[in-house]
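Here are my notes on this entry. Please read them beside the coordinates.

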Amino acid sequence: MAYVRWLGHSAFEVGIDGYRVLVDPWLSNPMSPVRPEEYKDSVDLIIVTHDHGDHLGEAVELLKLNPRAVFAAVYEVANFVSEQVGPSERIVGANIGGPLKLPGIDLKVMFFPATHSCSRGAPTSVLIMGKEGSVYHAGDTGLVAEMALIGELYNIDVALLPIGGHFTMDAYQAAKAAEMLRAKVVIPMHYNTFPVIRADPRELEKYVKERGLDTRVVILEPGEKFVFGQS
Ligand code: NI
Ligand code: MN
């Protein structure tokens, strides 16, 4: 079985095919139940969707705590990280498109577009596919029509969608995203961290129901895990 564990804001720990993956590891966020040191020597892969501080987070510190972990991001973000941890094969600069070649990691990881801004490269969303299942992390994004293509091409078990508005989609738009992605389960993220992104996650449930989707909305507490997929 695979799992996602919400670490507050857009930070998630994903357990899949025996790998431990951290996505957008801002572990010092106000809702975070963990500290970076708790992940010492236990992370296989770190993925960052874009270089805003609330997503890049403690990636560099985590790479130092996990000397064997692989880091994947858009090329320019990977270069920025490699300037801080030193050049290494494990810092993988990629881009939007087909599966990444990740040293020693047998997962299908693909970056897709996100409509947002960033200082380096381009903002992305990411799909992680293993034998046990698949997780789509939307990053920071407004609604993008490309989500329908992702849903058409790939089977998404769990979609992690921002609902806080202001910088990203809100719950109403996220329900449309869930429909386009054809996700079996959606989990809201990127809300209630700051006053400006205050949102009620039950609104997502309401809008998903209004659209007549059979998508299940799972609202996690920080630190909570959701288990899914094939064993
Ligand atoms: Ni951002
Ligand atoms: Mn953000």
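Is Asn-29 buried or exposed?

1. Asn-29 counts as buried, at 4% relative accessibility. Buried means under 20% relative accessible area, exposed over 50%, partly exposed in between (1.4 Å probe, protein chains only). This is a predicted model: local features need pLDDT of at least 70, side-chain atom pairs pLDDT 80 or more, while totals for chains, interfaces and linings use all residues. Residues are numbered from 1 along each chain as written, chains are lettered from A and ligands numbered from 1 in written order, and side-chain values use heavy atoms, without hydrogens and water.

2. Asn-29 sits in the loop between β3 (19-23) and β4 (45-47); strands are DSSP E runs of at least two residues, helices H or I runs of at least four, numbered from the N terminus. A polar side-chain atom of Asn-29 lies 2.8 Å from the backbone oxygen of Trp-26. The Asn-29 side chain also reaches the backbone oxygen of Gly-8, at 3.4 Å.

3. The manganese ion (ligand 2) is coordinated by Asp-54 (OD), His-55 (NE2), Asp-140 (OD) and His-190 (NE2), at 2.1 to 2.3 Å. Donors are N, O and S atoms within 2.8 Å of the metal (3.2 Å for Na, K and Ca); water is not among the atoms, so sites may look incomplete. Along the chain, the spacing of the donors is D-H-x84-D-x49-H.

4. Asp-140 coordinates both the manganese ion (ligand 2) and the nickel ion (ligand 1), which are 3.3 Å apart.

5. His-55 is buried, at 0% relative accessible area. His-190 counts as buried, at 1%.

Terms used:
A polar contact is a pair of N or O atoms within 3.5 Å; within protein, one must be able to donate a hydrogen and the other to accept it, and residues adjacent in sequence count only if both atoms are side-chain atoms.
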